[in-house]
Amino acid sequence: FGLGNKQYEHYNAMGKFFDTALEQVGGTRLLPLGLGDDDADLEADFETWKEQMWKSLKKKYCQDVVLPSKTKDLMDAPQLPDCEYKIQYHPQGTRPQQNISLDH
C-alpha cells in the first residue's frame, strides 16, 4: 500500500517503486497495489485495500483453516498451519551465519 497525495508531482512514487522492484526480483503479487490519497480519504483507501489484503492472504495461506471470529474465545481458535518462513533478528554489526538468497 502506497501513501501519497494526488496534488504532488510524484503521486505515490515510493509505493509504485517498491511494487515494481519487488516484481522485478521475483515477488508474487497477491493483490493490486493500493494507492492512498491524502487529498481525499487516506484512511478509507487503506481500509478498503486492507480488507482485500486479508482475504488474499487467507486464500493463499489458510484455505482450509476456519479463523476465529472477533467474538470467539481465542482459546478455541484453531491452530494455523506452519509457515515456511521465519524472521531472524541479527544484532547491529553482525552478519547471519548463512547467505540469504532471493532466488527460490
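Arg29 is partly exposed, with a relative accessible area of 38%. Partly exposed lies between buried (under 20% relative accessible area) and exposed (over 50%), computed with a 1.4 Å probe and protein chains only. The structure is a predicted model, in which local features need pLDDT of at least 70 and side-chain atom pairs count only at pLDDT 80 or more, while totals for chains, interfaces and linings use all residues. Residues are numbered from 1 along each chain as its sequence is written, and side-chain values use heavy atoms, with hydrogens and water left out.

The side chain of Arg29 meets that of Asp19 in a salt bridge, at 2.8 Å from N to O. This pair links distant parts of the chain. Arg29 sits in the loop between α1 and β2 (35-37), whereas Asp19 belongs to helix α1, and 10 residues separate the two. A salt bridge here is a side-chain nitrogen of Lys or Arg within 4 Å of a carboxyl oxygen of Asp or Glu. Asp19 is partly exposed, at 23% relative accessible area. Arg29 also forms a salt bridge with Glu23, where the closest N and O atoms are 3.5 Å apart. Glu23 counts as partly exposed, at 47% relative accessibility.

By this rule the count comes to 3 salt bridges. Glu47 and Lys50 form one of them through their side chains, at 3.3 Å from N to O. Both residues lie in helix α2 (residues 42-61); because they are 3 residues apart, about one helical turn separates them. Glu47 is partly exposed at 35% relative accessibility. Lys50 is partly exposed too, with a relative accessible area of 22%. Elsewhere, salt bridges that share partners join Asp19, Glu23 and Arg29 into one network.

Helix α1 (residues 13-24) also holds Phe18. Phe18 counts as partly exposed, at 44% relative accessibility. Together with Met14, Phe17, Leu22 and Val25, Phe18 makes a nonpolar surface patch of about 530 Å². Patches are made of residues with over 30% relative accessible area and no salt bridge; like charges are joined within 9 Å, and nonpolar side chains (Val, Leu, Ile, Met, Phe, Trp, Tyr) within 5 Å. Accessible areas come from the Shrake-Rupley method with a 1.4 Å probe, and for residues only the protein chains shown count as cover.

Asn12 lies in the loop between β1 (2-4) and α1. Asn12 is buried, with a relative accessible area of 2%. A polar atom of the Asn12 side chain lies 3.2 Å from the backbone oxygen of Gly36. Asn12 touches Gly2, Leu3, Gly4, Leu35 and Gly36, when residues up to four places away in sequence are not counted. Contact means heavy atoms within 4.5 Å.

At the level of the whole chain, the secondary structure comes to 2 helices and 2 strands. From the N terminus on, the elements run β-α-β-α. Helices (H or I, at least four residues) and strands (E, at least two) are DSSP runs, numbered from the N terminus. The protein has 104 residues, of which 14% count as buried. Among contacts between residues at least 6 apart in sequence, 46% join residues at least 24 apart.

Technical notes: Polar contact = N/O pair within 3.5 Å; in protein donor to acceptor, adjacent residues only side chain to side chain.
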